[in-house]
Amino acid sequence: MIKRKLVLSFPENIVTKPITYKLVKEFNLEFNILRAEITPNMEGKMLIELRGDKAQIDQAIEYLTDTGVSVQEAAKDIIIDKNQCVDCGICTSLCITQALTLDHKSFKLKFNKDECILCELCLDCCPVSAIKVHI
Amino acid sequence: MAKTIEEINEKIKSRKVVVLNAEEIIDYVKEKGIKKAAKEVDVVTTATFGPMCSSGAFINFGHPDPPIKMTKVWLNDVPAYTGIAAVDVYIGAAELSETEGMNYGGAYVIEDLILGKPVKLRATAYGTDCYPRREIETYITRDTINQAYLFNPRNAYQNYAVATNSSNRTIYTYMGKLLPNFGNATYCSAGQLSPLLNDPYYRTIGIGTRIFFGGSQGYVSWYGTQHNPGKERLPNGTPCGPAGSLALIGNLKEMSPQYLKACTFHLYGVTIFMGIGIPIPVIDEEMVEFVKIKDEDIYTEIFDYSVQRRNKPSYGKVNYKQLRSGKIKINGKFVQTGSISSYSRALEISNTLKKEIENGKFYLTASVAPLPLEEKYSSLDILSKEEL
């Protein structure tokens, strides 16, 4: 049993397909949709956490890719540039899941990628541009 | 038993000085008591590292041949003020680039100079008999210019407000990004480490006090603009919002990028993180009472920054222990908090200053004149000459 967090991007032509249903039915995966949105030009984007057998997750990703869904590893997406960061902590006030916190002893910024749901609220808050999205 | 600055400096000279930072003194006093602390501790180091817009640098470029009396000046396309002598300018930290807008500004020019990077100087002039040149374009660095010193009209504010947003849209302020419907709250003070909160009535910090300033040894040159010592205070002396402030001066060429950093608040503008450390001589027991202050004893007020007026609605008071816990209650609902000034950098500065004093590299000064304890705090009203 493993856990993976993925960003799925759906092009317009498949946005109406019941893809997450297939993930349960065909690959026996548990999923948790952390964020989902459909842009005005009908592209869909979803942040999803999958839980299940490693082989079945790999097969599911293969299925998604074949269907036309682009799959990205989510945890790699937000990057904290430690050389720029001054550990002020302004970003921690915007982080709903508390993936960004200040350490109680050192008061230095900690980023727990597993908690990040890629809401991107923190992106334009950093005064020293230490928070970046890695695509 | 009162201690003099001279006695403390003698102890620094003989390496017998006892220095604690403003965090360490709290537990020390709790354990050993006021009397013992006053006897045994000589200096308490305080510090802060936060964005301070009211900052900038005076620079003298030296004279070109033929000479010029500059009337408009740009440094990396950021305008500098030159309504003073021929090749003297003042570049304000908050000035924006004319080509890059909020992505670059005066603070970045100051940082680039400190880093030793080349900076493009462009100037125009009307030309005179003594200063015939009408334009110049060249490059300068920290090492090619004559004097370059930061002169910051308002730094190290004695406490500051908490900002939140009751409206239904995200707002971008000098207190950072504020999410709608009380989505977060931001604050900006080093609290128990902050210089003027450890000397609330300015008993030791005054005009002429030597300080740690962006990595250099600088001085308090005057009381800061908007200095407002009359702000409501708690019995422990600390004000419940912005009160006193300091005007500071120091040599840019001796500063370090670790203790000063240019920054941009999205859709607000450019400003500069200033790192400041101030030693407080433990002259008597009364001083121990002040420096033992801790986050839970210092209060500030929550204001609604979505109200675009001088006076904003208040949502009550909180202390810095609550703020630093990561959440406070506003209208009975938990709201996540975040600091704009860096406590970790402030702590680092208080320890750096502590080491400098212990190693005999930093001596204390008595102030030349005190900061005022009474000062008018005016607002700007729109008046005709007759209404004045």
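Domain bounds, as I use them in these entries, come from an automatic or database domain assignment.

**Entry 1: ground rules.** I am working on a predicted model, where local features need pLDDT of at least 70, side-chain atom pairs count only at pLDDT 80 or more, and totals for chains, interfaces and linings use all residues. Residues are numbered from 1 along each chain as its sequence is written, while chains are lettered from A and ligands numbered from 1 in the order in which they are written.

**Entry 2: domains of chain B.** I looked up the assignment for chain B and found domain 1 (5-52 + 151-358) and domain 2 (62-145). Taken over C-alpha atoms, the centres of these two domains of chain B are separated by 33 Å. I then checked their contact (C-beta atoms, placed from the backbone, within 7 Å). Domain 1 of chain B puts in 13 residues and domain 2 of chain B puts in 15 residues. On the side of domain 1 of chain B, β19 and β20 each supply at least two residues; β19(B) gives the most, with five residues. I take strands (E, at least two residues) and helices (H or I, at least four) as DSSP runs numbered from the N terminus. By class, that side of domain 1 has eight nonpolar, three polar and two charged residues. For the classes, Ala, Val, Leu, Ile, Met, Phe, Trp, Tyr, Cys and Pro count as nonpolar, Asp, Glu, Lys and Arg as charged, and the others, Gly among them, as polar.

**Entry 3: cores.** I searched for nonpolar cores, that is, sets of buried Ala, Val, Leu, Ile, Met, Phe, Trp, Tyr and Cys residues joined through C-beta atoms within 7 Å. A residue is buried if 20 or more other C-beta atoms lie within 10 Å of its own, exposed if 12 or fewer, and partly exposed in between, with C-beta atoms placed from the backbone. The largest core has 130 residues, and Ile110(B), Ile272(B) and Val291(B) have the most contacts inside it. Strand β20 (residues 269-281) of chain B contributes the most to this core, with seven residues. I listed what Val291(B) touches, leaving out residues up to four places away in sequence: Ala22(B), Ile25(B), Val44(B), Asn198(B), Ile280(B) and Val282(B). A second, separate core has 15 residues, including Leu50(A) and Leu64(A).

**Entry 4: chain A.** I counted two helices and eight strands in chain A, in the order β-α-β-β-α-β-β-β-β-β along the sequence. Of the 135 residues of chain A, 30% count as buried.

**Entry 5: a sheet in chain A.** I traced an open, antiparallel sheet of four strands in the order β2-β3-β1-β4 (chain A). Two strands pair if DSSP finds at least two bridges between them. β2 (30-38) and β4 (70-73) of chain A are the edge strands, each pairing on one side only. Strand β1 (residues 2-10) of chain A pairs with β4(A) over four bridges, and Leu8(A) stands opposite Val71(A) in β4(A).

**Entry 6: between the chains.** How many residues does each chain bring to the contact? I found 25 residues from chain B and 17 residues from chain A. Among the elements of chain B that each supply at least two residues to its side are β24 (333-339) and α7 (343-358). That side of chain B divides into nine nonpolar, 13 polar and three charged residues.

Methods
Two residues are in contact if their C-beta atoms, placed from the backbone, lie within 7 Å.
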